[in-house]
Amino acid sequence: MFSSIAAARHATGAAMGVLLATTAIAQESKTGIDPETWTPEHVVSIAGTEDVDTAEECSKITPLDYEGKVSYWYYGTTEAHPQIERDMEKAFFDAFAETYPNIELDAQNIGYNDLLNKLRTAALGNAAPTVARLPILWGSEFASKGQLSELGPEDVGYSVDEFWPGAMKSVTLNGKTWGIPTNNETMAFIWNAGIFEEAGLDPDKAPETWDDVVAYSKQIKEKTGKNGYGLVARVNAGNTPFRFMPMMWGEGGGALDEAEAEPTLEAIQINTPGARKAVQNYYDMYVRDKSVPVSALTNTQTENQDPFIANELAMVIAHPSEYGTMLDRANNATGSDKEAAMKVVENMRYGKIPRGAERRAVVFGGGNVHLMNPDNVEGEFDRDAALALICFMTGPEWSTKLHWTGSNPGNTRGFKTTAMKERLDTIKFLDVSTSMLPSGIPFPVVAESTEIMNIIIPEMLQNVMTEKMSVEEATAQAEERIQNLLDGI
């Protein structure tokens, strides 16, 4: 039954409803993975220890000689993706066709920016595909509209315990499961060991806590004149919540109660002591210590790249791909600039995102695969053919190979595959960002999430950083704005 807030949203046409998670936020609760022992060294040690026979596993769900047809929409590779990503995508479809030669697959790679609206329109017109793979937050909209079929790991032969509880939260609505995670990723903390040493800090040790980040940033500024932390606070830019929410969750706050063990997504926690502590950290770095870029009000991580490669910025949060980006920038430089830039690349270190007083946290990203409601599908709805495809992509083999450079397998058995070992051998610092997965928390899966994360929270930060409001005033206003948004006012 919908809560009063969810009912209000429904009455005003909001599309989501309330996400009711049945698993604990502690990622190790059922996966057997302990965040304290899921270290980069452990991730490396288990890679390549399990052989997988995808055809044999999926044959238990749909016989290999099955004759049928399935339509599939997804956001896939483009010319901008590394060649290996495009090669793996082709290899997936080739392998599926070889394994299920009698299943006709109509697969459409639809651009990320076009997929959501196209699927909305198709579902309304009962012309949707049978299967769709979507970014982690999109599926709940279709579930709340009744446009998805129930679907969970057990439906394709896998245990729910093989998937991160944080990821399963993103496909759980009103106590039912509406999808299966395909891939998940988290970011890491990056620092310049050379600047650390110059400032009198241990060059090979990341700040353990957010309080340390504030202190390190101040010391770096005072000792070297360089900016310490690459703070970003731009409004209507995803970079801002991806870097602020780990701090807020870590200190014990949240937008709603998305970081709790069993979130209702009704309780607003933006005006709690933990949330105020995180906002105070931003004030201290930007206003009090002036230890971060003055352009932080309009910066994203992209704007931090130039000062980082120029040896003028010490700490940022980013993906494993940041190393490759910095290496490319260094290789494109010339003369003495190139030599200096290569030194920065050599000094790049990756570590876990710092913990707060309550927990270590990071934004949990990725994608999920969904089975549409037969009533909204164009043509025949062949469930067995669909389950064969879904089994194939969510197993340990292909959930690893299909997300080679940009993500990680949604199926945790994928970390034991030979493909994962090859990835770790060829993608520098992947082991570190992978070790953050047990600390992942998804953004609250409600229709209002984008407005909360991209507008309300950044504007709250800006109100404090420009001294327009005190921390207490800004968090109180943000609480009121979120409440009004949820109530449809």
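**Exercise 1: a threonine and its surroundings**

Task: find which residues Thr130 is in contact with, leaving aside its neighbours within four places in sequence.

Solution. Start with the list: Thr130 is in contact with Val70, Ser71, His370, Leu371, Met372, Val377, Glu380, Phe381 and Ala386 (contact means heavy atoms within 4.5 Å). Helices here are DSSP runs of H or I with at least four residues, strands are runs of E with at least two, and both are numbered from the N terminus. Last, check the burial: Thr130 has 1% relative accessibility, so it counts as buried. The cut-offs are under 20% relative accessible area for buried, over 50% for exposed and partly exposed in between, with a 1.4 Å probe and protein chains only.

A quick word on the ground rules: this is a predicted model, where local features need pLDDT of at least 70, side-chain atom pairs count only at pLDDT 80 or more, and totals for chains, interfaces and linings use all residues. Residues are numbered from 1 along each chain as its sequence is written, and side-chain values use heavy atoms, with hydrogens and water left out.

**Exercise 2: another threonine**

Task: is Thr298 buried or exposed?

Solution. First find the spot: Thr298 is in the loop between α12 (273-288) and α13 (301-309). Then read off its relative accessible area, which is 52%, so Thr298 is exposed. Not counting residues up to four places away in sequence, Thr298 touches Arg234 and Glu303.

**Exercise 3: the disulfide**

Task: work out which cysteines the disulfide joins.

Solution. The structure holds one disulfide, and that bond links Cys58 with Cys391, S to S 2.2 Å (the cut-off is a pair of cysteine sulfur atoms within 2.5 Å). Cys58 belongs to helix α4 (residues 54-59) and Cys391 to helix α16 (residues 383-394), so the pair ties together parts that are 333 residues apart in sequence. Now the handedness: the torsion about the S-S bond of Cys58 and Cys391 is about -95 degrees, so the disulfide is left-handed. Both Cys58 and Cys391 are buried.

**Exercise 4: the whole chain**

Task: say how many helices and strands the protein chain has.

Solution. Count them up and you get 21 helices and 14 strands. For burial, 58% of the 489 residues in the protein chain are buried. Finally, the C-alpha trace spans about 70 × 55 × 40 Å along its principal axes.
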